[in-house]
Amino acid sequence: MALSGGPAESPWPGACRGLEALTPTQDGSPGLLAAAAWPHLLTWNGDGWAVAPLPGDRTGRAPAGSPPPCVAADWDGDGYVDVLQLRDAEGLLWRGQKGGFAEPVACPAGSGGSPARWCVGDFDTDGKPDLFVSGSESCQLWENEGRDSFRPVIHYAGSLDYRTEPGAADCLATDLNHDGRPDVALLYGKGHFLYHFNRGYRCMAEEGQLTLDLDPSGGDPSKAGGPACATAGDVNADGSLDLAVAFDSGEVRCFLNDRRDQPGLWIRLPRGRTGPVTVSVWQGQPRAFCVGTHLVAGHAPPTCVPLRRPGPCVLRWRWPGGQPLELTANPGDELILPWHGAHD
């Protein structure tokens, strides 16, 4: 295996606090988003990397200090990936369009204080991705209303409001109980773990029976380092979502889910497509209900979609510059989203 390098020096001042692969244009070609004080896009032109800042006048707008995190998702449902930079007070949003990104606009979604951790999930199950942010000073649930509009709704989200502290080491939008609704899992540096399950329409309740051994010392006072990050996935291939946690000490622990062989789908993007593509999954007749909206990325393992019940479901998504598409699937299917109908 050989790896080739890029620019020897970064074209942005200061540090880069995040990298994310994405598709920035209509032709589906891949790119790389660098979360610097002003986000930059890296694209491969065959001879090397081309690096350019996202559009806009940076004068007086690029924040000082540690670069804020960036969240790449198709927030407005037009098939193009948008970039939201989570600043302390309010965010800055670059909407994706044919050929690149539009000039940035102010967005109410903020970080609640740096550093911040975030996760994307369709918490009100309306087919649009929403955003939960755990900042250093406050937590917030931002409900996506389409276009450039986000609404703060954590005060209407049950236990997510009154049983959640800021400053999480990591947070996940996941569905460990496999009921077809996205939940929120939070891990804190001192070993504290919270799981808020979604009772429907982003009304959360704390799952008191789900406890994990996240003691950073493992009973040994000579060891230090709490949980640093986590991910959910089917790590033992039994059809259920498990939880893996990495600690500051370098230790990794996997917590296996005993809910085996639950109905679900596994979704991939076609080869050469990066995404992320927003895919909503619907079940039920005669009036379908959304059982999850997921950001499916081509550079990741298949996206596992727990279903609320057995039976057929409908996937809905949109490629950049294309018309809305639908595909009927059954539990257990492993799907590669077809690229047909991608362009107007």
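Visitor: Leaving aside its neighbours within four places in sequence, which residues is Arg 95 in contact with?

Guide: Contact means heavy atoms within 4.5 Å. By that rule, Arg 95 touches Asp 76, Asp 78, Asp 82, Gly 100, Phe 101, Ala 102, Arg 147 and Asp 148. Do keep in mind that this is a predicted model: local features need pLDDT of at least 70, side-chain atom pairs count only at pLDDT 80 or more, and totals for chains, interfaces and linings use all residues. Residues are numbered from 1 along each chain as its sequence is written, and side-chain values use heavy atoms, with hydrogens and water left out.

Visitor: Where is the place of Arg 95, between which strands?

Guide: Helices (H or I, at least four residues) and strands (E, at least two) are DSSP runs, numbered from the N terminus. Arg 95 sits in the loop between strand S7 (91–94) and strand S8 (96–97).

Visitor: Does Arg 95 count as buried or exposed?

Guide: Buried means under 20% relative accessible area, exposed over 50%, and partly exposed in between, with a 1.4 Å probe and protein chains only. Arg 95 counts as buried because its relative accessibility is 18%.

Visitor: With which side chain does the side chain of Arg 95 make a polar contact?

Guide: A polar contact is a pair of N or O atoms within 3.5 Å; within protein, one must be able to donate a hydrogen and the other to accept it, and residues adjacent in sequence count only if both atoms are side-chain atoms. Here the partner is the side chain of Asp 76, at 2.4 Å.

Visitor: Now the sheet: in what order do the 3 strands come?

Guide: Strands of a sheet pair through backbone hydrogen bonds, either parallel or antiparallel. Two strands pair if DSSP finds at least two bridges between them. In this open sheet the order is S19-S20-S21, with antiparallel pairing. Strand S19 (227–233) and strand S21 (252–255) are the edges, each pairing on one side only.

Visitor: How many bridges join strand S20 to S21?

Guide: Strand S20 (residues 242–247) is joined to S21 by 4 bridges.

Visitor: Which residues of S21 lie on the covered face, and which on the uncovered one?

Guide: Arg 253 and Phe 255 are on the covered face, while Val 252 and Cys 254 are on the uncovered one.
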